[in-house]
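Please look through the sequence and the structure shown here, and then read the report that follows on the fold, the core and the surface.

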Amino acid sequence: MNVICSICNDQLMQSDDIFYTRCGHVFHYHCLTPWLERSPSCPQCREKVTQSRIHRLFFTFSSNEINESQGSSLQEKVDSLKFKLLLKEKDIQHYSSKCVTLEKQNAGLKQEVRKVEGELNQKIAAIYALKEQISYFQEQSSHCNNLKREIAQLKSKIEDLRPIEVLLHAPISDVSKMVGKNKDPETLTTYISVMKKELIERFSKCKQLRITVKKLQEELSKSNAKLDALLSKQMNFEEKVVFSESKSMALQKRVDELEEILDIDEKCGSISKVRKTGSKNVSNESAEDETLGKDDQDASSESPILSETTERKIEV
């Protein structure tokens with residue numbers, strides 16, 4: 001009796017664990033249990049079956065039938081196993097050749113991966129540098145935007161301060177026109193406050209200028225007094241210089257006269273006359289000595305005047 005398991009399509013042997021379902025179909029136990037775990041139904045007729053409702057089945061065979069059936073089944077199994085072995089060997093050869101080609105491809109792919117990793121690292125470094133540049137340029141752009149805002153604010157302030165500039169520097173006609181056109185009380189109060197501040201600053205500047213003018217006048221009067229004193233000292237000094245020059249001229253004349261007298265005496269006198277007139281010459285010499293002493297006294301009296309004049313010249 002040839003009975004086949006419909007799950008594995010193998011013949012049921014006496015030594016196998018054979019179970020049957022509620023609907024009467026027969027299967028291997030090791031084939032039926034995983035089937036029921038996946039779906040609780042009969043593999044052949046799809047009737048609902050659970051694992052608790054399957055039962056073991058026992059067959060009684062004659063010895064001849066058992067041996068024949070076992071021999072034929074074993075031969076069939078051997079043939080099928082040989083055929084499967086051949087198929088597996090072919091698969092092994094196919095997959096081994098495929099493995100060699102895949103290993104070659106893997107080596108080439110590894111080199112390409114290394115190249116790609118190097119390029120990727122370069123790209124990452126370039127991206128990092130570009131990000132830093134982007135952050136720097138963003139900071140610069142934010143700084144430029146802040147500067148633009150400040151410029152706009154300053155321009156608005158300048159436009160607000162233009163009428164004040166007109167108030168401070170424009171002629172009276174322009175100021176009166178501007179004030180006459182404007183009727184806003186707040187702007188007029190600002191104009192008045194600005195003019196008041198300007199007046200206060202001008203008054204303070206005028207006070208400072210008056211104080212400086214007074215100081216300069218005092219200094220000028222002091223310098224004029226000093227100049228007058230210097231002029232008077234200069235006049236006295238010039239008078240003394242003239243007087244000393246006249247004295248020196250008189251002394252020079254006296255010296256010239258004495259030199260002439262001495263020259264005449266030396267030429268005309270002789271030794272005999274000198275002996276006879278010794279007493280007279282002595283008297284004359286004493287008189288000359290007295291006159292010379294007087295002249296020396298006059299010169300000594302004039303010398304302090306000359307020293308005073310020289311000292312004043314040095315002071316000047």
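A nonpolar core is a set of buried Ala, Val, Leu, Ile, Met, Phe, Trp, Tyr and Cys residues joined through side-chain atoms within 4.5 Å, where buried means under 20% relative accessible area, exposed over 50%, and partly exposed in between (1.4 Å probe, protein chains only). The model is predicted, with local features needing pLDDT of at least 70 and side-chain atom pairs counting only at pLDDT 80 or more, while totals for chains, interfaces and linings use all residues. Residues are numbered from 1 along each chain as its sequence is written, and side-chain values use heavy atoms, leaving out hydrogens and water.

The protein has six helices and three strands, taken as DSSP runs numbered from the N terminus (helices H or I, at least four residues; strands E, at least two), and their order along the sequence is β-β-α-β-α-α-α-α-α. Of its 316 residues, 12% count as buried.

The largest nonpolar core has 13 residues, and among those with the most contacts inside it are Cys-5, Leu-12 and Phe-27.

Leaving aside neighbours within four places in sequence, Cys-5 is in contact (heavy atoms within 4.5 Å) with Asp-10, Leu-12, Val-26, Phe-27, His-28 and Cys-31.

Elsewhere, Val-116 lies in helix α2, which covers residues 63-169, and Val-116 counts as partly exposed because its relative accessibility is 46%.
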